[in-house]
Structures are given as C-alpha cells and as structure tokens.
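I opened the model to look up a few things chain by chain. My notes follow.

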Amino acid sequence: MAEVKEHEVAIVPPKDHTPVIRSLDPTEFPTPTSRDEEFRFTPMSRLRNLQEGNVAATGSMAIAVNKVAGSTFEVAADKSGDRIGFTDKIAAGAWSQIESVSKLTIEANQNLTESVVVSIVGSDAVAYGQLDINVEKFASAVVIVDHIGAATYAGNIDINVADGGSVTVVSLQDWDTSALHLAQHRITLGRDASVKHVSVTLGGEVVRILPSVHYSAPGGQAELIGLYFAGAGQHAEHRLFVDHSEANCRSNVVYKGALDGEGAHTVWVGDVLIRANAVGTDTYEINRNLVLSGGGRADSVPNLEIETGEIVGAGHASTTGRFDDEQLFYLQSRGINEDEARRLVLRGFFEDLLGQIGVPEINERVRDSIEARLGGQI
Amino acid sequence: MSVLEIKGLTVQVTTEDGPKEILRGVDLTVKAGEIHALMGPNGSGKSTLAYAIAGHPKYTITGGQVTLDGQDVLEMSVDERARAGLFLAMQYPVEVPGVSISNFLRTSITAIRGEAPNLRHWIKELKESMAGLQIDPQFAERNVNEGFSGGERKRTEILQMELIHPKIAVLDETDSGLDVDALRVVSEGINRVCDKGETGVLLITHFTRILKYVKPDFVHVFYDGRIVREGGPELADDIEANGYAQFVTA
C-alpha cells in the first residue's frame with residue numbers, strides 16, 4: 001500500500017475528555033451541531049433529526065436471540081436501576097423513547113462454547129433500543145449483535161463485565177444502504193476483566209458508533225477492533241474513547257477501513273486518556289485506511305493524552321493509502337483480471353483483521369458482504 | 001512452436017522534464033526452446049523492454065510491434081498477455097499483504113488455465129515445484145513476498161514460471177542479489193522449464209555469472225535503448241573479459 005501519510009507516537013496537547021454533561025434526559029443537552037468537536041465530521045443534515053432527541057418512534061426493531069446454555073435473555077419493561085448518564089442528546093433521546101430494555105446475561109462461571117447471536121432487524125421505521133450485555137464473574141462468551149434491514153435506529157449497548165469475566169462482542173452493521181444507525185457502546189470492566197469489542201460496519205447510509213471503555217478496577221484489558229467499508233455516499237464513523245482511570249490496565253485499538261466511490265466518507269477518532277492514577281497502563285492504537293477510488297474521504301484522528309509518566313507504553317499510528325498500482329500490475333501479470341486483482345488486494349487488506357477478531361463464523365459473511373458491496377465499480 | 005517477435009519497438013516514459021525515449025527501435029525474435037541472454041549496462045533500457053512486453057502502464061509504446069504467434073500483444077491488457085502465454089519474472093516482486101502464496105498461485109493458475117486445477121493434482125504439483133526450488137512448504141501459507149528475502153522472492157518468481165509454464169518467459173535480472181547457492185537453485189529451475197522445450201526464455205542480466213548455469217543459445221548486447229551486437233555464447237565471454245565499454249562507441 002502506498003502510504004500517503006503516517007503519524008507516529010506523537011502526543012497531542014492535553015484537553016479535557018470528560019464530557020461536560022452526563023444524563024439520561026435528552027432535554028439536558030443542547031442540540032449538537034457540526035461546530036461541536038464531537039460532531040465535526042458528522043453529516044448533521046442526514047441524521048433525520050435524531051440529534052433533536054425527540055423524534056417519535058414509528059416502529060420497533062425485531063429482536064431474536066438463540067438459546068445458549070449458561071445465558072439468559074429477557075426484555076424488561078422496568079427502566080429503573082443504576083445507569084450512568086449518556087454523553088449526547090441522541091443517546092439520551094434513545095433512552096427516553098424506549099419502553100423496555102433487552103438484557104442478555106452470561107451467568108457467573110459459565111464458559112459458553114457457542115456464540116450468542118442477537119439479531120436486530122429493522123423494518124424501515126424510526127426505532128430506538130437499549131441492549132445490556134451483563135457478563136457475570138468469571139464467565140466467558142462470544143456475543144454477536146447482528147444489525148440488518150432498513151431502519152432509522154438509535155440503539156445503545158451497555159456491556160458490563162464483572163471481575164474476571166471475559167467477553168467478545170461483535171457488532172455487525174450489515175444494514176441495507178438506506179439505514180441510519182447511531183449508537184453508544186459503553187463498556188465497563190471489573191477487576192481483571194477483559195473485553196474484545198468488534199465493530200464491523202459495512203452497510204447503512206450513515207452509521208455512527210461511539211465505543212467507550214471504562215475501567216472500574218485494576219487489571220482490565222480491552223481490545224477494540226474495527227473493520228469498515230464505505231461505498232459511494234456512505235458515511236461510516238467510529239469515535240472511540242478509552243478512559244484509563246485505574247492502574248495496570250491495557251487497551252489495544254486496531255481499526256481498518258476501505259473506501260470506494262464518490263462521497264464515501266469514513267471517520268475514525270481514537271481518544272485515549274491516561275489519568276494521573278492509572279500507573280502501569282499499556283495502550284496502543286492504530287488506524288489504517290485504504291482508498292480504492294477517487295471521491296472518497298478518510299478522516300483519521302488519534303488522540304493520546306497522558307497525565308502520568310509511570311506507564312508501560314502508549315502509542316498510536318494512522319495511515320491512509322491508495323490502491324497500489326504495482327500490486328495490481330503484479331497480479332495482472334499473472335493472468336488475474338483487474339476486478340479480481342482488486343478484490344484479492346482488498347480481501348488481503350482485511351484478512352489479518354479477521355484473524356484478530358477470532359470469530360470464524362463471521363468471516364465468510366464479512367468477506368461476501370464486502371465483495372457484494374463493491375458493486376460494479378471495482 | 002511459439003514465437004515472440006519484436007519489431008522496431010520504441011518506448012517512452014513520462015518524466016518531470018517531459019517524455020523521454022528509452023527504447024529506440026528494438027528488433028528481437030524469441031522462439032520456444034531457445035534461451036536468449038540480453039545483456040547491457042545499467043540504464044541501457046533492459047528492464048524497460050521487459051515491462052513494455054508485459055504491458056506496464058508506466059511505459060508508452062510510440063512505435064513498432066510485438067506479436068506472440070502472430071497475435072498483437074500491444075493490443076492486449078496485462079492479464080490478457082499473461083493468459084496468451086507471456087511471463088515476466090520481476091526484478092523487484094511486490095508484496096501483497098494478506099494474500100497467501102497458495103491463494104495467489106491457485107488464483108493465477110485458474111486464470112491462466114481457464115479452469116480451477118484439480119485440488120489433489122494441484123497440491124502435488126505445487127509441493128514438487130517448491131521442493132525443486134528448495135522452498136520451505138510452509139511458504140505456501142505466507143503472504144505474497146511479505147518479509148521475503150531477495151533470494152526467496154526470486155525463487156518464488158521461478159516457482160510461478162514453472163507452474164504457469166509460459167510460451168515465452170522474460171526474466172528480468174533474476175540473478176541479481178542471489179548468493180551462489182540460490183543462483184544455482186534458481187538456474188536449475190529455469191533449466192527444468194527450458195528442458196521441456198516448450199518455453200522460449202529472454203534472460204535479462206547485467207552480469208555473466210548466471211550464464212555459467214543457464215546456457216544461452218543467443219546473446220544480445222543492449223545499449224542506449226537498442227541491441228548493438230548479437231552473437232552466440234562466445235559474446236558473453238567477450239563481455240566477461242572486456243566489459244561493455246567496447247560496444248559503447250557504436
């Protein structure tokens with residue numbers, strides 16, 4: 001890949017990452033605009049007014065979950081109980097609109113051998129949702145949250161991993177091209193708990209996912225992986241925040257994306273904050289983008305803010321490159337036609353990431369979906 | 001028997017100072033079963049000839065013709081040329097991250113032969129060719145040229161030539177950067193293909209040392225974008241003894 005730019009371990013001037021407002025009530029937030037830092041890359045005019053936090057639902061998402069021993073799933077009508085406030089009007093708006101919470105629990109000490117698949121299917125309506133994934137002490141599981149269909153959907157996911165628990169959560173955004181999907185994915189890790197959070201964004205007109213990690217005790221480990229593909233006119237945005245507020249925690253972020261076609265826009269923002277008390281922190285984040293054709297735009301902004309020097313390591317990197325003509329020539333000189341050569345290179349670009357995700361059952365699905373979405377252009 | 005005919009070929013590249021002519025009228029005929037050595041100093045245009053035959057987009061053909069068994073090669077896309085029977089072993093083979101050698105070769109062979117090879121035969125064929133070139137079988141699962149040494153890249157190029165079994169193979173400085181052992185192994189691979197008598201080879205080289213292992217039928221001296229001298233193997237001995245300077249005054 002021809003590298004257009006490369007940032008290496010540069011420390012940006014400190015800024016306050018702590019959101020000013022945290023609330024479950026959308027009326028406590030001003031309406032966001034593109035002048036706000038958090039929304040500077042977001043196409044506000046294409047959010048179908050969800051940024052107002054008060055658009056009425058016109059339908060709901062169909063949710064189905066397979067039964068896996070060691071897990072329980074319920075739809076609870078009770079919204080009471082402790083819940084930390086959201087950080088923007090959209091997410092709080094979603095909370096205020098829902099009448100029930102979907103709760104998936106992985107029971108204590110259970111090591112699930114089969115993946116739990118939560119399928120969330122849209123039917124072209126405005127809908128809201130809240131999914132809680134609670135991983136109890138010393139439990140482990142793989143959870144796939146599969147978003148498909150057409151929808152205007154604001155749905156948050158809260159992932160709580162208790163002490164010693166371990167979970168892989170794969171959120172697939174394999175929407176129809178008309179979908180709008182806005183979500184906060186909030187992860188809280190207990191002592192020695194670990195999470196692998198994977199966001200795979202392939203479909204949707206506008207998808208904006210905000211994964212965040214909070215450590216409630218020392219020893220937590222977070223791996224955040226993202227794979228995204230934006231075709232013509234698609235906006236795929238991932239804005240991450242890892243809040244190292246406890247000692248001896250680790251985080252590793254790897255996001256890779258490809259863009260193809262006029263108006264394809266990808267955004268990756270990786271904010272990592274290492275607070276003064278978070279000694280022994282080890283963190284690294286990397287974002288790579290591959291621009292397949294002209295007319296697309298990849299924004300990539302790593303931010304690392306370090307308030308203590310007593311850490312194991314901290315770094316970030318970001319590269320954006322164009323399709324390499326020499327690779328194409330090489331493959332074509334071996335008889336492989338141009339379309340297939342491009343597919344091969346694109347597949348290769350994502351292949352190591354599929355290995356890191358480590359959930360083989362999604363591999364073919366993801367590969368096929370990307371190739372199908374390449375359409376006639378490539 | 002296949003024949004590659006190059007007549008009056010002129011080629012230019014675009015530079016910062018405008019177009020620059022690199023090839024100034026190349027005439028060359030390579031037939032199946034023949035080994036031609038094309039020798040010349042650095043910057044003489046040898047590699048340009050190789051890339052122009054293969055169809056690299058950087059090179060603009062301004063005149064002349066190239067035919068393979070009477071078919072106009074210059075009208076073909078890069079992949080069409082390969083499927084027609086032309087093969088170029090590159091001097092600097094590129095890395096293709098995430099694409100395994102095994103996947104790459106299977107895709108290539110399927111394209112060249114027009115159908116997917118029988119899996120069992122294919123695995124046997126691949127193993128044998130790799131063994132012949134002393135390539136570790138585990139290489140099949142490594143990504144194309146990623147982290148390969150110079151010698152490993154060149155062996156992999158010759159592996160591809162063996163499997164593809166082209167009508168005409170252009171080997172662009174395949175000997176460069178090889179130690180003596182690797183040179184011998186690579187040369188044996190080239191000879192295995194040549195010995196079948198169905199492939200014509202154009203061996204481009206700066207040095208004569210590979211010609212101790214791969215015996216050319218014809219030697220062409222290339223200078224300033226054209227062939228300035230032609231002869232038999234004895235011409236290589238002359239170059240070995242007296243260098244290129246003797247041809248430069250022409």
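I took helices (H or I, at least four residues) and strands (E, at least two) as DSSP runs, numbered from the N terminus. This is a predicted model: local features need pLDDT of at least 70, side-chain atom pairs count only at pLDDT 80 or more, and totals for chains, interfaces and linings use all residues. Residues are numbered from 1 along each chain as its sequence is written, while chains are lettered from A and ligands numbered from 1 in the order in which they are written.

**Entry 1: helix α7 of chain B**

I looked up α7(B), residues 234-242. For burial I counted other C-beta atoms, placed from the backbone, within 10 Å of a residue's own: 20 or more is buried, 12 or fewer is exposed, and in between is partly exposed. B:L235, B:A236 and B:I239 are the buried residues of this helix. They sit on the same side of α7(B), because they cover an arc of only 105 degrees around the axis. That arc is taken from the directions from the helix axis to the C-beta atoms. B:E234, B:A241 and B:N242 are exposed on the other side of α7(B). What do the buried residues of α7(B) pack against? I found β3, β11 and β12 of chain B. Just after α7(B), B:G243 has a positive phi of about 75 degrees.

**Entry 2: the sheet in chain B**

I next traced an open sheet of six strands in chain B, with mixed pairing. Its order is β6-β9-β10-β3-β11-β12. I count two strands as paired if DSSP finds at least two bridges between them. The edge strands of chain B are β6 (86-89) and β12 (226-231), each pairing on one side only. From one strand to the next, the twist averages 20 degrees. In chain B, β3 (residues 35-39) and β10 (residues 200-205) pair in the parallel sense over five bridges. B:I35 stands opposite B:V201 of β10(B).

Helix α1 (residues 46-54) of chain B lies across β3, β6, β9, β10 and β11 of that chain. It runs at about 145 degrees to β9(B). Axes here are lines fitted to C-alpha atoms, for helices over the stretch in contact, and angles run from 0 to 180 degrees between N-to-C directions.

**Entry 3: strand β7 of chain A**

Is β7(A), residues 166-173, mostly covered or open? I found eight of its eight residues buried. On one side these are A:S166, A:T168, A:V170 and A:L172, and on the other A:V167, A:V169, A:S171 and A:Q173. β7(A) pairs in the parallel sense with β6 (residues 140-161) of chain A over eight bridges. There, A:V143 has A:V169 as its bridge partner. β7(A) also pairs in the parallel sense with β9 (residues 194-201) of chain A, over eight bridges. In β9(A), A:S199 is the bridge partner of A:S171.

**Entry 4: A:S251**

A:S251 lies in β13 (residues 250-259) of chain A. Why is A:S251 called buried? A:S251 is buried because 26 other C-beta atoms lie within 10 Å. I call two residues in contact if their C-beta atoms, placed from the backbone, lie within 7 Å. Leaving out residues up to four places away in sequence, A:S251 touches A:V213, A:A222, A:V242, A:H244, A:V272 and A:T283. A:D282 is 31 residues from A:S251 in sequence, with 6.5 Å between them, C-alpha to C-alpha.

**Entry 5: where the chains meet**

I found 21 residues of chain A in contact with 19 residues of chain B. On the chain A side, α2 (325-332) and α3 (338-357) each supply at least two residues. α3(A) gives the largest share, nine residues.
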